[in-house]
Amino acid sequence: MAGKTTPTLAEALAAGTVVLDGGLSNQLESAGHDLSDALWSARLLAERPEAITEAHLAYFEAGADVAITSSYQATFQGFAKRGIDHGRAAGLLALSVGLAREAAARARAGGVVRPLWVAASVGPYGAMLADGSEYRGRYGLTVAELEAFHRPRLEVLAAAGPDVLALETVPDADEATALLRAVRGLGVPAWLSYSVSGDRTRAGQPLREAFALAADADEVIAVGVNCCAPEDVDAAVETAARMTGKPVVVYPNSGERWDAGSRAWDGRSTFTAAQVTGWRAAGARLIGGCCRVGPEAITSIAGALGRSTERA
């Protein structure tokens, strides 16, 4: 966990704005790593863990205060398909937190003096399927079945000592309900972040109803959106703040679109650092980028928010 002199993430959010990192996968790909695999960046936990540490470090050095771990697509079921047994998979999940901690230690050794936090990524059920259903939801599973899927890896990740659990890219309010149940009693705070289209979840539920699920969840310290178009953020921030009264988390994609069939991005970037001041004014306190948003953009975001990236 964070050191004695480091505020908790909840305390930092009460005091001001915190900068998240950008897309881990695009940073790994830019370093030459092939992620054309059902495990995506989680494959490197087993094969090239040092590459993940380097990617986290690049974001810390760029101005990010929070590193989101490489566990988004890391599940017991997904690893089992690759012949990785339960014990080894649990070790890899825990390693994802350790690698982010290592990157934070290296950043501090390199002169970064601001507080740094680690968010353990918990992707939706559809991320394990690796067929694009994470952007649709409606998997045909009950809330109880989804809770049973998420709870074991949440337990492992929580035991590894992150500062927060990032329940992210959630496409469906039913899955959010399952995740909110699954984090109870783990002793680690969480944020809940939906993937959205306009004013609805990807599964089609109104965002006001989806956000309201977290309003009374004591474990949840922030609610918002990620892995969406930048144009969808403004209204979502206002709705999340109004429905929950909690700090809002936002980290959209670049604006390019993911084609699950060809496993490639197309279109153009519409995300600019200038947008973040409006999001902050509307209630956003955790601000960063998701897919196709790299270290240079994070430096620009930090600058737009008045955050220094200088080192000692």
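Residues are numbered from 1 along each chain as its sequence is written, and side-chain values use heavy atoms, with hydrogens and water left out. Because the model is predicted, local features need pLDDT of at least 70 and side-chain atom pairs count only at pLDDT 80 or more, whereas totals for chains, interfaces and linings use all residues.

Eight strands form an open sheet with parallel pairing, in the order β1-β12-β9-β8-β5-β4-β3-β2. Its edges are held by β1 (18-19) and β2; each has a single partner strand, so one side of each lacks a neighbour in the sheet. Here strands (E, at least two residues) and helices (H or I, at least four residues) are DSSP runs numbered from the N terminus, and two strands pair if DSSP finds at least two bridges between them. Strands of a sheet pair through backbone hydrogen bonds, either parallel or antiparallel.

Strand β2 (residues 66-68) joins β3 in the parallel sense over three bridges, and V66 has W117 of β3 as its bridge partner. Four bridges then connect β3 to β4, again in parallel, with S121 partnered by A166 in β4. A further four parallel bridges link β4 to strand β5 (residues 190-194), where Y194 stands opposite V170.

How many of the six residues of β3 are buried? Six of the six are, so this strand is largely enclosed by the rest of the structure; buried means under 20% relative accessible area, exposed over 50%, and partly exposed in between (1.4 Å probe, protein chains only). In a regular strand the side chains alternate between the two faces of the sheet. Both faces of β3 are covered, with W117, A119 and S121 buried on one side and V118, A120 and V122 buried on the other.

The largest nonpolar core has 77 residues, of which L154, L165, L167, Y194 and V250 touch the most other members. Such a core is a set of buried Ala, Val, Leu, Ile, Met, Phe, Trp, Tyr and Cys residues joined through side-chain atoms within 4.5 Å. Helix α6 (residues 86-109) contributes the largest share of this core, 10 residues. A second, separate core of 20 residues includes L9, L13, L20 and I68. Neighbours within four places in sequence aside, L154 is in contact (heavy atoms within 4.5 Å) with V122, L165, L167, L179, A182, V183 and L186.

L154 is also one of the buried residues of α8, along with L146, F149, H150, R153, V156, L157 and A158. The elements covering these buried residues include α5 (76-81), α6, β3 (117-122), α7 (125-129), β4 (164-170) and α9 (173-182). Helix α8 (residues 143-159) has 17 residues and spans 24 Å from its first C-alpha to its last, close to the 24 Å expected at 1.5 Å a residue; the expected span is 1.5 Å times one less than the number of residues. A kink of about 30° lies at R151, shortly before the proline P152, the bend being the angle between axes fitted to the seven residues ending there and the seven starting there. Just after α8, G161 takes a positive phi of about 85°.

Helix α9 is mostly covered, with seven of its 10 residues buried: A173, E175, A176, A178, L179, L180 and A182.

Most residues other than glycine have a negative phi, and most peptide bonds are trans. T169, found in strand β4, has a positive phi of about 60° although it is not a glycine. At 2% relative accessibility T169 counts as buried, and its contacts beyond four places in sequence are Y72, P124, E134, Y135, S193, S195, N226 and C227. C227 likewise has a positive phi, near 50°; C227 is found in the loop between β8 (220-226) and α11 (233-244) and, at 2% relative accessibility, counts as buried.

Just after α11, G245 takes a positive phi of about 70°.
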